Amino acid sequence: MRIVACLNGDRRPGSHPALPVSLDQMVEDAHSAVDAGATDLHVHPRGPGGAESLDPQVVGALMERLRNDGPQVPVSLTTALSAESDPVRRYDLVQRWASPMLPDSVTVNLHEAGSVDLVRLLNDRRVDVEAGLWTVDAARILIATGITVSAVLVEPTQVDTGDARHNADTIVALLDKAKDRRPRLLHGADATAWPMLEAALSAGMDVRTGLEDTLRLPDGTEAENNADLVARAAELASSTAA
């Protein structure tokens with residue numbers, strides 16, 4: 001089972017005292033998260049001002065630091081429209097990512113405009129794709145197009161835990177009906193982060209946690225940092241497996 005540390009997401013700099021934004025912060029956080037039990041990393045690259053960026057120079061600098069100075073675990077990057085709102089420009093930026101420093105995988109949200117073309121571009125570049133399924137319609141896109149992805153991220157965005165669980169269950173049922181056997185990861189956000197993580201563990205799915213998904217521990221207290229969240233997720237995973 002994978003425990004993915006999602007280090008920063010689209011949160012604004014300063015939204016948490018330990019949110020990693022600079023290269024040094026992300027490398028340091030990556031080591032701490034892996035030491036706490038993470039098996040993989042998921043990062044949103046940040047430009048000099050701290051905003052998300054898919055610019056080839058920003059991505060190349062991040063991957064170079066993580067490859068040279070970070071823990072030797074798989075690294076995935078975002079391609080969310082939160083990082084580049086124009087789907088055409090996003091395609092162009094990703095197309096210009098330099099081959100020596102490509103990530104191990106990227107996440108592509110299938111409900112976003114231009115997602116299928118982006119997946120095919122990444123297939124051509126031999127970069128693994130994890131399909132982000134926020135909605136049932138996104139799951140239908142995955143099934144209907146037959147695009148090649150290495151894993152599926154079930155990502156309900158509903159604020160209410162019951163609604164999020166219903167959405168996730170409906171997506172999973174559709175994948176099961178289509179006999180989709182690709183690895184699955186389930187996660188929520190903020191109020192649903194820990195309930196979805198526990199549901200994922202119960203269902204034998206991969207999990208993730210980090211300041212992208214939640215700023216708080218299961219008891220509601222503010223997490224110290226990403227390692228704090230990962231350590232708690234690893235404890236839950238261990239107790240579920242016991």
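**View 1. The cavity count.** One cavity of 30 Å³ or more is found in this predicted model. A cavity is a set of points, on a 1 Å grid over the protein atoms alone, where a 1.4 Å probe fits but cannot get out. The largest cavity holds about 50 Å³ of space; a volume here is the space filled by probe spheres set on the points, which are joined across faces, edges and corners.

**View 2. The lining of the largest cavity.** Lining residues have an atom within 4 Å of a point, and those of the largest cavity are His187, Gly188, Ala193, Trp194, Leu197, Arg208, Thr209, Asp213 and Thr214. Helices (H or I, at least four residues) and strands (E, at least two) are DSSP runs, numbered from the N terminus.

**View 3. The buried face of helix H3.** In H3 (residues 87–95), Arg90, Leu93 and Val94 are buried, meaning under 20% relative accessible area with a 1.4 Å probe, protein chains only. Seen down the axis of H3, these buried residues fall within an arc of 95°, so they line one face of the helix. The arc is that of the directions from the helix axis to the C-beta atoms. The buried residues of H3 pack against helix H2 (56–69) and helix H4 (115–124), with contact meaning heavy atoms within 4.5 Å.

**Notes.** Residues are numbered from 1 along each chain as its sequence is written, and side-chain values use heavy atoms, with hydrogens and water left out. In this predicted model, local features need pLDDT of at least 70 and side-chain atom pairs count only at pLDDT 80 or more, while totals for chains, interfaces and linings use all residues.

Definitions and conventions
On a 1 Å grid over the protein atoms alone, a cavity is a set of points where a 1.4 Å probe fits but cannot get out, and a pocket is an open set with protein on both sides within 12 Å along at least five of seven lines; lining residues have an atom within 4 Å of a point. Buried means under 20% relative accessible area, exposed over 50%, partly exposed in between (1.4 Å probe, protein chains only).
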